[in-house]
Amino acid sequence: PRRLAAYHGALVAALAEDAAKCADDYCADCWAATHARGARARHAWTGYAANASVCALCEADVARRRCDECGDDLCVACSLRIHARGKRARHTVVALREPLSDFQLNALNASHCQACDYAVADPAHGCTLCGARLCESCLLFDHDAVCAKRGGARAASMGLDPDLPTKCAVCGRRPEIRCAQCGEVYCLWMGQPRCFRQRHVKGKRADHEYVPYTLLEGLDRRVAAEDAAEAERVAARRAEQKRAAAEFLAECERQEAADREHAALVDAAAEELLREQLRLERESRRGRHLRAFWRGLVSLLPGPLRRSLSPPPRRDYRRDRLRADEFRARKERGEVGD
């Protein structure tokens, strides 16, 4: 009953998740824009080639099967549904594949995906752990659950053997024990080697013994040490950034203080210049007033006394030279006698 309840719960969750999918067609940019956050971020996409045929029944999915007797191109779900019983169960159904061009075959050495057997598997999208040639969608969304060497990349980055198993040989959970004789790894269920006993019930395997399997524990410790070292580096980098920011702010404050001091000096010099200009203007205005008063006083005096007090007229020596030059020229021309 407990297993049935767990199966029913998993089935209901899978159906709810499948119903929540939007089932729309997008280009790559629109998919990234509409599935960046929220519940849609957990959706998975399936790619197909341009002008791919559509299922003749549901008209909602790409056709991946063809029935020779019916002559229809169907999606996988519709093909299984209508060919499950009756006379149609004896029909011949063949798989449809995306066509491979000569360039993909010869230059790229491309083939079809080993998981879906429909899309073209680009060599750049293969699994780096087990070497399976996959399409991009299968590699992103499906292969991690079935890859036997998942986690080996982290082990390889730490100098360990990437071929060491990282999943239970029976259920795929995290392994904690290893068979000393056959080398397979198994998990522990509530401290009991249930998966180990399932594989070692009869025959010579019944005499096998298991030992602790500490590969993942060592990986966890090394990962924790790397994370702690990275946290220390991040903290040191942030402290250095804070120190540099404090020095920059102090330098900005010093520069602002210097600018304020320079502005104060400029203002003081401008005020001094303004005072000097006002003083000169006052003196000039006072001199004009004195001259005007003297001219008015002199104008009231009698003529002889006014002429005697008036300054002698200023002689124009330049005009005299011009007149002398003109006289000599006329004398040379004979226009003026001796």
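Residues are numbered from 1 along each chain as its sequence is written, and side-chain values use heavy atoms, with hydrogens and water left out. Because the model is predicted, local features need pLDDT of at least 70 and side-chain atom pairs count only at pLDDT 80 or more, while totals for chains, interfaces and linings use all residues.

I start with helix α8, residues 215–299. Helices here are DSSP runs of H or I with at least four residues, strands are runs of E with at least two, and both are numbered from the N terminus. The expected span of a helix is 1.5 Å times one less than its number of residues. Which residues of α8 are buried? They are Leu215, Leu216, Gly218, Leu219, Val223, Gly287 and Val298. Buried means under 20% relative accessible area, exposed means over 50%, and partly exposed is in between, with a 1.4 Å probe and protein chains only.

Next, charge pairs. Side chains of opposite charge can pair when their charged atoms come close. The structure holds 11 salt bridges, each being a side-chain nitrogen of Lys or Arg within 4 Å of a carboxyl oxygen of Asp or Glu. Among them are two in α8. Glu240 bridges to Arg243 with the closest N and O atoms 2.2 Å apart; the two residues are 3 apart in the helix, so about one helical turn separates them. Glu240 is partly exposed at 41%, and Arg243 is partly exposed at 39%. Arg279 bridges to Glu283 at 2.7 Å, and these residues are 4 apart, again about one helical turn. Arg279 is partly exposed at 31%, as is Glu283 at 39%. Salt bridges that share partners also join Glu184, Arg199 and Arg205 into one network.

Another salt bridge links Asp73 and Arg66, with the closest N and O atoms 2.6 Å apart. Asp73 is buried at 16%, whereas Arg66 is partly exposed at 37%.

Now the sheet. Three strands form an open sheet in the order β7-β6-β8, with antiparallel pairing. β7 (185–186) and β8 (210–212) are at the edges with a single partner strand each, so one side of each has no neighbour in the sheet. Strands pair if DSSP finds at least two bridges between them; β6, residues 177–179, and β7 have 2 bridges. Arg178 stands opposite Val185 in β7.

Two single residues. Trp45 lies in the loop between α2 (28–34) and β1 (65–67) and is partly exposed at 24%. Leaving out residues up to four places away in sequence, Trp45 touches Trp31, Glu136, Ser137, Leu140 and Phe141, contact meaning heavy atoms within 4.5 Å. Trp45 and Ser137 are 92 residues apart in sequence, yet their C-alpha atoms are 6.4 Å apart. Ser79 is in helix α3, residues 76–82, and is buried at 6%. Beyond four places in sequence, Ser79 contacts Arg65, Leu74 and Val93.

Last, the cysteines. How many disulfides does the structure hold? It holds 0, a disulfide being a pair of cysteine sulfur atoms within 2.5 Å. For Cys70, the nearest cysteine sulfur is that of Cys67, 3.4 Å away. Cys70 is partly exposed at 28%. The sulfur of Cys179 is 3.1 Å from that of Cys182, its closest, which is too far for a bond. Cys179 is buried at 0%.
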